[in-house]
Amino acid sequence: MRKLLLIALLTCLSAPAWSAGGGGDLMDARVDVSDEASLQRGAKLFANNCMGCHSAEYVRWNALPEALGVSMETVESNLIYGDYTPGDTISAAMRSADASDWFGAEPPDLSLTARARGADWVYTYLNSFYRDPDASIGWNNTLLANSSMPHVLWRMQGVPEARYEESHGEQQVAEVVLPEGQQGTLSESEYHRATRDITNFMAFMAEPVRAKRQEIGVWVIGFLVIFTILAYLLKREYWRDIH
């Protein structure tokens, strides 16, 4: 009986860790797809800063109202630009041909990025840009070196710079700092909240039923625990006379 209860407890405790993803050097995104306020802010930031280049072709507009806790009219007025139908998928404003000409390749679709790489990876990536005059786009990233994506959120964060150290005869980035006078429109904590909100929205896009799955999962685990206790008591009742 104790072993069964221990297994059920470990299952409850380990589920969030499995869904979080990430690695040892990654920042903890602490995503919560049931947080409607965060999803609303993240959706707006995603529409204003990401949809110019990136699509989310596996997510339809009519999937957003229920998850964000708003009406379709609110989604229309705040997130959608141009003509659309509710069943349309989220598409990028930039044409594929222009993207290939300007960047050498079409920017990737972001529908499943948070699931493929993990939410912690996405959050860390958004917080790892720094100014690099030697890079072709003027920016680099400590998590994904020589990324072709510029730091589109620099106005909010500011202009981070790298501090280098020599390792095995090569200059490597030791840390990224935000020099005095290079701050953006947001404070450090506000910027972290903004990138966490974007990450949270991308985690929702990667698995729109995640919040419902987690909610149902709690009830399922609870049922299994109660059923295990009842089954054990029933077993004792059946075997009492035999022993």
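Predicted model: local features only at pLDDT ≥ 70, side-chain atom pairs only at ≥ 80, totals over all residues.
Let me begin with His54, which counts as buried because its relative accessibility is 11%, where buried means under 20% relative accessible area, exposed means over 50%, and partly exposed is whatever falls in between, with a 1.4 Å probe and protein chains only. Residues are numbered from 1 along each chain as its sequence is written, and side-chain values use heavy atoms, with hydrogens and water left out.

Staying with His54, its place is in the loop between α2 (36-49) and β1 (56-60); the helices here are DSSP runs of H or I with at least four residues, the strands are runs of E with at least two, and both are numbered from the N terminus. The side chain of His54 reaches the backbone oxygen of Pro108 at 2.7 Å. If we set aside residues up to four places away in sequence, His54 touches Ala92, Pro107, Pro108, Leu110 and Met149, a contact being heavy atoms within 4.5 Å.

Now to the chain as a whole. The secondary structure comes to 10 helices and six strands, and of the 243 residues, 33% count as buried. Among the contacts between residues at least 6 apart in sequence, 68% join residues at least 24 apart. The accessible surface of the chain is about 15300 Å², and 55% of that belongs to carbon and sulfur atoms, with areas from the Shrake-Rupley method using a 1.4 Å probe and, for residues, only the protein chains shown counting as cover.

Which residues touch the most other members of the largest nonpolar core? They are Trp61, Leu64, Leu79 and Met205, out of 37 residues in that core, where a nonpolar core is a set of buried Ala, Val, Leu, Ile, Met, Phe, Trp, Tyr and Cys residues joined through side-chain atoms within 4.5 Å. At least two residues of this core are supplied by each of α2, β1, α3 (64-68), α4 (72-79), α7 (119-126) and α9. The largest share, nine residues, comes from α9.

Leu79 is found in helix α4, and it counts as buried because its relative accessibility is 6%. Leaving out residues up to four places away in sequence, Leu79 touches Ala43, Lys44, Ala47, Met51, Trp61, Leu64 and Leu68. The C-alpha atoms of Leu79 and Asn48 are separated by 7.9 Å, although these residues are 31 apart along the chain. Met205, with its neighbours within four places in sequence left aside, is in contact with Phe46, Ala56, Val59, Ile90, Leu110 and Ser111.

Helix α9 (residues 188-206) also holds Thr195. Is Thr195 buried or exposed? Thr195 counts as buried, because its relative accessibility is 0%. Beyond residues up to four places away in sequence, Thr195 touches Tyr123, Leu126, Asn127 and Leu153.

Let me turn to charges. Side chains of opposite charge can pair when their charged atoms come close. A search of the whole structure finds five salt bridges, a salt bridge being a side-chain nitrogen of Lys or Arg within 4 Å of a carboxyl oxygen of Asp or Glu. In one of them, Arg95 pairs with Asp98, and the closest N and O atoms are 3.0 Å apart; Arg95 counts as exposed at 57% relative accessibility, whereas Asp98 counts as buried at 17%. The side chains of Arg213 and Glu207 also meet in a salt bridge, at 2.8 Å from N to O, with Arg213 partly exposed at 42% and Glu207 buried at 14%. Arg163 and Glu161 form another, with their closest N and O atoms 3.8 Å apart; here Arg163 is partly exposed at 36%, and Glu161 is partly exposed at 31%.

Ile216, Val220, Phe223, Leu224 and Phe227 make a nonpolar surface patch of about 500 Å². Patches are made of residues with over 30% relative accessible area and no salt bridge, joining like charges within 9 Å, and nonpolar side chains (Val, Leu, Ile, Met, Phe, Trp, Tyr) within 5 Å. Val220 has its place in helix α10 (residues 210-239), and it counts as partly exposed because its relative accessible area is 39%.

Key
Polar contact = N/O pair within 3.5 Å; in protein donor to acceptor, adjacent residues only side chain to side chain.
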